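Trainee: I'm new to this one. Could you walk me through it once it's on screen?

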Amino acid sequence: MTRALRKARHGAVLTFVLAGLMCGTFTVRLPALADRLRLPESSVGLALLGWGVGALLTMQIMRVVLGRAGSRGVLRTAVPLCAASLVLVALAPSFPALVAATALFGMAFGAVDVGMNAQGSLVERAYGRPIMIGMHAGWCVGAIAAGLLGTAAIALGLSLTTHILLVALVSAPAALALSRTHLPDRAPETGAARESGRARRRLPGVVYLLGAITFAAFMVEGVVADWNGLYLLGTLHASEAVAALGYPVFEAGMLVARLGGDRLRGRLGARALIALSGGATALAFLAVVAAPVTAAAVAGLFFVGLAVATISPMALSLAGTATAEPGPAIAQASAMGYAGLLLGPVVIGFLSAAASLRLAMGVAVVLGVVIAAAGRLLPASRTEIVPLRASARDGGEEPHLPLAA
């Protein structure tokens, strides 16, 4: 394979790391920000909603933008904007300013998320074999690094603003350096060529099935992220220190799975692995909600992370191969996934108020079963990597990409 292709793969992985670092920093320091502005939990929830809505809006716009600017062009602009908007979050002097800043951060991050997955799909198709799950391991590394750096910043007595400024000052130039490693997309269409390509750019039905799988997987991740601490504290009566272990343990399980997920996909195939992962997610979450003691629930969260980790990367990878241009399909699947990330915690909140938190978290068990069933519905012809040479030949044009020799 070419040197440029290896650089592109490393650049794509590091872009995932950078995105995980910025988003993780926002998550880690949000409690300090809420304390500085003296915000109640309801206001923090509205700020997070602004972030999610901003991300969803951008993801829908990306269906058009990616077809014209390409993933490399999007990332070259969006990642520095993401770093800049993170600074605005840190400097927000009031609650209205915070909501506006988090919405801007969400919009920039939505573009980064779609752009890096589209770039990852290009690199994967250039390789001609599964590598997308390993790229998503970079996200876990970035998120874990954000947690460790946040802990270190607090221990060193760094202010919230100083900590976030340092992260942004590192992230912006790093993004510009990484943009030089990204693969170029197809040349953008103009005039009559764009008009004639409209039918080709209509998304096939399998993209929406993959979006539904991503929705369910992200919803499971959202349930864990937002409710595992309260479940361990309120239902199992764990100490605050022990309850804080739940999410890092879950992330550790995700990281382990993603490091080896591409090899497992190569052996089992994407269709079988999605179905297997969905079933395993249901069983692991069942163990969490049925756990009689804290230790068993925390251990169960590790296995939930292990089971769910490969689902969304595979779904986005397959969405990228469903059409000649991966960007619009990935944007659609990502938007559906983020809708699940937003909806999941809300559903759990309503159900826990009506019944109990233990019963409400059982929704994740149902979601695992849904993923397993949906995986079986995927057509076999849509579950393999489509090399770019073959894709270009079928579409009648050669992409401007360095391919494996």
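Trainee: Which residues make the nonpolar surface patch of about 480 Å²?

Mentor: First, this is a predicted model, where local features need pLDDT of at least 70, side-chain atom pairs count only at pLDDT 80 or more, and totals for chains, interfaces and linings use all residues. Residues are numbered from 1 along each chain as its sequence is written, and side-chain values use heavy atoms, with hydrogens and water left out. As for the patch, it is made by Leu156, Leu158, Leu165, Leu166 and Leu169.

Trainee: Is Leu166 buried, partly exposed or exposed?

Mentor: Leu166 sits in helix α5, residues 160-179. Buried means under 20% relative accessible area, exposed over 50%, and partly exposed in between (1.4 Å probe, protein chains only). Leu166 has 44%, so it counts as partly exposed.

Trainee: Which residues have the most contacts inside the largest nonpolar core?

Mentor: A nonpolar core is a set of buried Ala, Val, Leu, Ile, Met, Phe, Trp, Tyr and Cys residues joined through side-chain atoms within 4.5 Å. The largest one here has 121 residues, and its largest share, 17 residues, comes from helix α2 (residues 41-91). The residues with the most contacts inside this core are Leu232 and Phe285.

Trainee: What is the relative accessibility of His237?

Mentor: His237 is one of the residues that Leu232 touches. You'll find His237 in the loop between α8 (205-235) and α9 (240-243), with a positive phi of about 55 degrees although it is not a glycine. His237 counts as exposed, because its relative accessibility is 64%.

Notes
Helices (H or I, at least four residues) and strands (E, at least two) are DSSP runs, numbered from the N terminus. Contact means heavy atoms within 4.5 Å. Patches are made of residues with over 30% relative accessible area and no salt bridge: like charges are joined within 9 Å, nonpolar side chains (Val, Leu, Ile, Met, Phe, Trp, Tyr) within 5 Å. Accessible areas come from the Shrake-Rupley method with a 1.4 Å probe; for residues, only the protein chains shown count as cover. A salt bridge is a side-chain nitrogen of Lys or Arg within 4 Å of a carboxyl oxygen of Asp or Glu. Lists of a residue's contacts leave out its neighbours within four places in sequence.
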